[in-house]
Amino acid sequence: MKFLFTFFLLAGFATAQKTGHQFYKEPYRPQIHFSPKEKWMNDPNGMVFYKGIYHLFFQYYPDSTVWGPMHWGHATSKDLIHWQQQPIALYPDSLGYIFSGSAVIDKNNTSGFGKNGKTPFIAIFTQHDPKGEKEGRNDYQNQSIAYSLDEGKTWFKYDRNPVLKNPGIKDFRDPKVHWYPEDKKWIMALATLNRITFYSSKDLKTWTKESEFGQQNGAHGGVWECPDIVPLKYNGKTIWVLVVSINPGGPNGGSATQYFTGTFNGKTFTPFDNDTKWIDYGPDDYAGVTWSNTGDRKIFLGWMSNWQYATVVPTKIWRSAMTVPRNLGLEKIKGKYYVTSQPVNELNDLNISNVNLQNLQVNNFDLTSKTGKLSLPVSLKFSSEKIDDFSISLSNADNEKVVIGYDKATNNYYIDRTSSGKTDFKKNFAARVVAPRISNSPNMDMILIIDKSSVEMFADKGLTNMTAIFFPNEPYSRIVFHSEHFKIKDLQYHELKSIWNQK
Ligand code: FRU
């Protein structure tokens with residue numbers, strides 16, 4: 001085994017030497033975000049934390065840079081930031097491809113898969129049968145389980161799969177399971193075409209339908225996918241947040257993730273209001289869910305792309321990355337709850353330079369005159385005492401640019417990637433995308449996490465967020481602020497080191 005491993009390592013090294021290819025140094029390769037070394041990736045799956053290790057599984061097709069028969073890829077991290085890609089966890093079989101789903105730690109061995117005191121990891125996922133799909137059937141998506149007794153390294157599929165059979169609903173997928181301690185049972189949130197169906201189970205093998213939610217709620221411009229139901233604390237009170245991805249029908253076109261706040265009693269989710277709210281208003285944060293087994297801390301991660309163009313973005317060796325992990329919280333504004341997302345603090349460990357500025361009048365202020373030439377990735381944080389029109393442009397010598405800003409007249413934040421570089425791989429990629437300002441505070445603050453081909457904007461302590469990807473022909477080298485009246489109270493700029501140890 002060891003010999004084989006060394007052999008493949010050397011063989012891989014020899015190929016890399018021959019082709020001269022250096023992984024994670026390619027144009028557009030994210031430096032602070034997880035992306036697979038090679039080939040196609042979409043949704044994050046099976047995110048679970050155990051004994052100091054964050055596991056990230058993901059929709060993966062190891063034979064191509066476009067979507068195909070889905071596997072679960074696997075990566076692990078001790079800090080949510082540095083990732084090690086692991087061998088593929090789940091392969092397609094006679095029941096079909098391995099679609100999205102979740103993983104739990106079965107501490108009490110409710111499943112009975114635990115042996116010799118080993119705690120089982122259980123993966124719960126959709127199997128998508130391409131034959132059934134071709135035949136035009138409507139029951140080709142079913143839920144299956146697999147277990148691991150070596151902390152996620154090797155997986156065994158249950159021999160009586162599927163554990164939840166399709167009742168005749170074409171889109172019947174993406175199970176997210178959590179333990180509901182009050183009733184000592186597991187709860188599954190499942191996307192069922194245009195609603196979420198909740199099921200419960202004592203052993204993860206037999207599932208009973210509890211309730212449905214959402215046919216009349218929220219956005220319905222496309223099919224519902226990848227749900228999650230998360231308890232968050234607000235002033236000591238538990239508020240339940242139901243996260244639902246939808247494709248298409250996002251606020252800026254294509255795929256996006258909405259959420260509802262409400263109560264959950266182990267059977268039924270009841271929303272507080274019927275507003276449509278989005279975890280991230282930008283075009284490139286999809287299918288996000290939270291890590292399991294992290295206690296009160298709830299960490300969310302999404303796929304940083306959009307089904308409108310994910311398969312044609314101009315990257316060569318791999319396709320797609322994840323967003324940065326984000327801590328979820330709650331804010332109450334005019335009597336309504338809103339979810340906040342903020343980049344995890346662990347990201348600060350990547351800071352390698354620090355420029356701190358106070359009381360800036362930012363009328364055409366070239367930040368790179370203080371920081372030196374822009375060298376992505378960077379993080380930029382700033383705050384102001386008042387809010388007014390402003391924009392921040394990242395640009396290169398060819399005047400390709402991405403502009404991030406706020407427009408007072410409409411009370412919208414925006415990201416404009418109309419002239420960002422390569423955009424013609426898909427109509428409408430070149431667009432100005434907008435998000436409403438939710439906060440009514442007179443102060444504003446913003447965090448921008450900018451990697452080689454993405455910007456993530458967190459405004460007002462994570463109340464309004466937008467993520468957008470871009471592909472300039474030359475790297476952006478300047479950051480310039482524009483505003484007539486906007487004054488920055490405090491600004492912090494950090495260059496970030498690559499998580500692949502190569503900056
Ligand atoms: C969401 C999704 C899921 C499905 C998976 C297939 O992006 O369509 O609903 O399980 O991707 O790869």
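**Paired strands and a ligand shell**

Strands S6 (residues 121–128) and S7 run antiparallel and are joined by eight bridges; strands are DSSP runs (E, at least two residues), numbered from the N terminus, and two of them pair if DSSP finds at least two bridges between them. The model is predicted: local features need pLDDT of at least 70, side-chain atom pairs count only at pLDDT 80 or more, and totals for chains, interfaces and linings use all residues. Residues are numbered from 1 along each chain as its sequence is written, and side-chain values use heavy atoms, with hydrogens and water left out.

Within this pairing, Ile-124 has Ile-145 of S7 as its bridge partner. S7 also pairs with strand S8 (residues 156–157), in the antiparallel sense and over two bridges; there, Tyr-147 stands opposite Phe-156.

How many of the residues of S7 are buried? Eight of the eight residues in S7 (residues 141–148) are buried, that is, under 20% relative accessible area (1.4 Å probe, protein chains only). In a regular strand, side chains alternate between the two faces of the sheet. In S7, Gln-141, Gln-143, Ile-145 and Tyr-147 point one way, while Asn-142, Ser-144, Ala-146 and Ser-148 point the other way.

The discussion now turns to the ligand. Among the residues around it are Trp-67, Phe-99 and Glu-225, where a residue counts if one of its heavy atoms lies within 4 Å. A polar side-chain atom of Asp-174 lies 2.6 Å from an oxygen atom of the ligand, and one of Arg-173 lies 2.7 Å from a ligand oxygen atom. The protein covers 95% of the 310 Å² of accessible area that the ligand has on its own, by the Shrake-Rupley method with a 1.4 Å probe.

Technical notes. Polar contact = N/O pair within 3.5 Å; in protein donor to acceptor, adjacent residues only side chain to side chain. Buried < 20%, exposed > 50% of the residue type's maximum accessible area, 1.4 Å probe, protein only. Helix = DSSP H or I, 4+ residues; strand = E, 2+ residues; numbered from the N terminus.
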